[in-house]
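Have a look at the picture first.

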Amino acid sequence: NNNFVIVNEEDALLVKSKSIIKELKMYDITGRLLVNMLPNESEFRINTHNIRKGTVLVLNTTFENGTELSKKAIKY
């Protein structure tokens, strides 16, 4: 259990986890890759100022222990 949380902020998504996130890929609902990052942190922000409100986002994460998790969020 990585207690992975996504918080919508103005023009950003705050990503929090109890585990270190090694890789994060964010896609829109059509499968277009929007973000590909290697944060190597447990808490960080993803800039979303260029993403339209109402867009469904899929965040695929890989943690330092090798586990993977996918979550959905809506930009608002």
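A strand here is a DSSP run of E with at least two residues, and strands are numbered from the N terminus. Keep in mind that this is a predicted model. Reading along the sequence, you get the pattern β-β-β-β-β-β. In other words, the protein has six strands and zero helices. The radius of gyration is 12 Å, close to the 11 Å that the globule rule gives for 76 residues, so the protein is as compact as a globular protein of that length.

Here are some whole-protein values:

| Property | Value |
|---|---|
| Span of the C-alpha trace along its principal axes | about 35 × 25 × 20 Å |
| Accessible surface | about 4800 Å² |
| Distance between the mean positions of the positive and negative charges | 5 Å |

Carbon and sulfur atoms account for 46% of that accessible surface. As for the charges, there are 11 positive and 9 negative ones.

Now for the inside. Of the 76 residues, 34% are buried. In soluble globular proteins, nonpolar side chains tend to be buried together. In this model, the largest nonpolar core has 14 residues, and Val-15, Ile-21, Leu-24, Met-26, Ile-46 and Leu-59 have the most contacts inside it. Strands β2 (12–28), β4 (41–47) and β5 (56–63) each supply at least two residues of this core. The largest share, five residues, comes from β2.

Which residues does Ile-46 touch, not counting those up to four places away in sequence? Its partners include Val-15, Leu-24, Met-26 and Leu-59, and also Asp-11. Across the protein, residues 24 or more positions apart make up 45% of the contacts with a separation of 6 or more.

How values were computed:
Residues numbered from 1 in each chain as written. Predicted model: local features only at pLDDT ≥ 70, side-chain atom pairs only at ≥ 80, totals over all residues. Heavy atoms only, no water. Core = buried A, V, L, I, M, F, W, Y, C linked by side-chain atoms within 4.5 Å. Buried < 20%, exposed > 50% of the residue type's maximum accessible area, 1.4 Å probe, protein only. Helix = DSSP H or I, 4+ residues; strand = E, 2+ residues; numbered from the N terminus. Contact = heavy atoms within 4.5 Å. Rg over C-alpha atoms; globule rule 2.2 N^0.38 Å. Areas by Shrake-Rupley, 256 points an atom, 1.4 Å probe, with all protein chains shown as cover. Lys, Arg positive; Asp, Glu negative; His and termini not counted. Charge placed at Lys NZ, Arg CZ, Asp CG, Glu CD.
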